[in-house]
Amino acid sequence: MAIETTTYDHIIGGSRYAGQGDRVADVYDPATGATTRRVRLASEADADAAVASAAKAYESWAEASVTARSRVMYAFRQLLVEHETDLAEVISAEHGKTIDDARGEVVRGREVVEFACGIPELLKGEYSDQVSTGVDTFTFRQPLGVVAGITPFNFPAMVPLWMHPIAIATGNTFVLKPSERVPGASDLIARLYAEAGLPAGVFNVLHGDRVAVDALLRHRDVAAVSFVGSTPVARYVHQTASAAGKRVQALGGAKNHAVVMPDADLDHAARQILAAAYGSAGQRCMAISAVLAVGGIADELVAKIRDLTLGLRVGPGTSPDSDLGPVISPVARDRVVGYVDEAERDGADVVVDGRGTTVPGHDEGFFVGPTLLDQVSSTMSAYQDEVFGPLLCVLRVPSLGTALELVNANPYGNGTAVFTASGGVARTFQRQVKAGMVGVNVPVPVPMAFHSFGGWKDSRFADHHIHGPEGVRFYTQAKVVTTRWPERADRGSTGFAFPTAS
């Protein structure tokens, strides 16, 4: 199921929609630097059209049985299996990540669809019989209405799949605003939804930039907004949508630490940290970007990571020989290089240098090689900031207590990991660390779809985590019904006191 257009249109009401404006943006292949397609940039009027389409579809979709919604999800899930390679190729072409990495993204997103297939069970309410004489009480959950998702470039399929399957399965209709850098996956997924039998207008794709974002955040007919992206934008989304009276879940940036204890299996730790730091060229909100080497293990650990890093192959994501591909843009490449330059000036040891990396035949690609810095201090920008590239910093600390102080002092609290052979150390770490997701000998502790994803501190705004049980609660609202069915002859008397159980 290949993309058949040179310009991505919006998908509104089940049809392609060119929009009322003439603004477009280029879509690049990061491995070559070449423009491959263009994408429409929505106007405020286009956002109105998308929301109106979703609002119209909501009238009937909200009344569809949970069984009917579940069947659509089952069909959609099967289509994701059948078109896994197609999606992976589109993602690799626009993002730059390897095909295997992109395929893994699709699989992890599909797990949320599998969770949503169980929506009849997930929406079961509670019933209390005879709470008072002749009175029963029960609860159930209803959809919110039109909901929107605003998603980043780094996971063009998976992050949107964290949102729309649960939103749709619970009876809402959805407007997706994907990153304009990687529009192809959302275009293909919309086609798969239609093939799965989803009614027109239930899932809409609105391409665009800040104009589209602001229109959705302020639109009176959008009941809730889900967002994943950088912390500054997450904060803006949360403030703006909340001020407009919307329910919001907004996930921001990260600075994820791996704490390696002296009793850890260093070979295991080095391999796992390598993959967590450099997979997807470090462009993951759950990437490990800082290693805290505890005690006297730093020299050995750094040597092991260095040797593994030197064996990594940088190239286009479409090549089976590539371990990591390019970053998303020349700006991203130059930003990573700038952090390395500054850290080196400030005294860091550049153990593996990815600056100036070139790939034969791809001279205009946005490549920066995996980079390893040792002797990094907590005051360096390379440590403090979310670099979002293949840059790993090693800090040497004397104890677990010092490591916890560093992790907890960081403004981000998305994910973290500890490598140790001690259950006591692991328990202390997982209880005392201030982060939302914790791995023990697991460097990227992204929970399965039947749990919920979300960080602490500046990594998440608002109360709700994403997907899993909290996703169901986010996209629905509870209703409590108290009933009495008196016999005609049992009229009783009128009472004006506050009612109590009897």
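Let's start inside: of the elements around the second largest cavity, helix α4 gives the largest share of the lining, three residues. Hi everyone! Before I go on, please keep in mind that this is a predicted model.

So, staying with that cavity: what lines the second largest cavity? The residues are R108, E111, V112, M158, W162, V446, P447, M448, A449 and H467. Two helices, α4 (99–116) and α6 (158–169), supply at least two residues each. Sorted by class, this lining has seven nonpolar residues, one polar and two charged. The space inside is about 50 Å³.

How do we find such spaces? Rolling a probe the size of a water molecule over the atoms shows where empty space is left. In this model there are three cavities of 30 Å³ or more. The largest cavity holds about 110 Å³ of space. Its lining is made of 16 residues, and G282, R284, A287, S289 and F388 are the closest to its centre. That lining splits into eight nonpolar, four polar and four charged residues.

Now to the open spaces. The largest pocket has a volume of about 850 Å³. You can find it by looking for P152, F153, G229, S230 and V233, which lie nearest its centre among the 33 lining residues. Two or more residues of the lining come from each of α8 (210–218), β11 (222–228), α9 (231–243) and α12 (330–345). Which of these gives the most? It is α9, with four residues. By class, the pocket lining has 16 nonpolar, 10 polar and seven charged residues.

A second case is R210, whose charged end sits over the ring of Y236, 4.5 Å from the centre.

Next, rings with rings. The model has nine aromatic pairs. Why is the pair of Y28 and F366 called edge-to-face? Their ring centres are 6.5 Å apart and their planes meet at 70°, and over 60 degrees counts as edge-to-face. This pair links distant parts of the chain, 338 residues apart: Y28 is in strand β4 (residues 24–29), and F366 is in the loop between β15 (349–352) and β16 (371–374). Y28 is partly exposed, at 37% relative accessible area, whereas F366 is buried, at 7%.

Another edge-to-face pair is F474 and Y475, with centres 4.9 Å apart and planes at 75°. F474 is buried at 0% relative accessibility, and Y475 is buried at 1%. There is also an aromatic cluster, formed by F76, F174, Y193 and F203.

Last stop: helix α14, residues 400–409. Its buried residues are L400, A403, L404, L406 and V407. Seen down the helix axis, these buried residues fall within an arc of 160°, so they line one face of α14. On the other side, E405 and A409 are exposed. Here is a handy rule to take with you: an α-helix has 3.6 residues a turn, so residues three or four places apart point the same way.

Note on methods
Residues are numbered from 1 along each chain as its sequence is written. This is a predicted model: local features need pLDDT of at least 70, side-chain atom pairs count only at pLDDT 80 or more; totals for chains, interfaces and linings use all residues. Side-chain values use heavy atoms; hydrogens and water are left out. Buried means under 20% relative accessible area, exposed over 50%, partly exposed in between (1.4 Å probe, protein chains only). The arc is that of the directions from the helix axis to the C-beta atoms. Rings of Phe, Tyr and Trp (its six-membered ring) pair if their centres lie within 6.5 Å; planes under 30 degrees apart count as stacked, over 60 as edge-to-face and the rest as tilted. A charge sits over a ring if NZ of Lys or CZ of Arg is within 6 Å of the ring centre and within 35 degrees of the ring normal. On a 1 Å grid over the protein atoms alone, a cavity is a set of points where a 1.4 Å probe fits but cannot get out, and a pocket is an open set with protein on both sides within 12 Å along at least five of seven lines; lining residues have an atom within 4 Å of a point. Grid points are joined across faces, edges and corners, and a volume is the space filled by probe spheres set on the points. Ala, Val, Leu, Ile, Met, Phe, Trp, Tyr, Cys and Pro count as nonpolar, Asp, Glu, Lys and Arg as charged, and the others, Gly among them, as polar.
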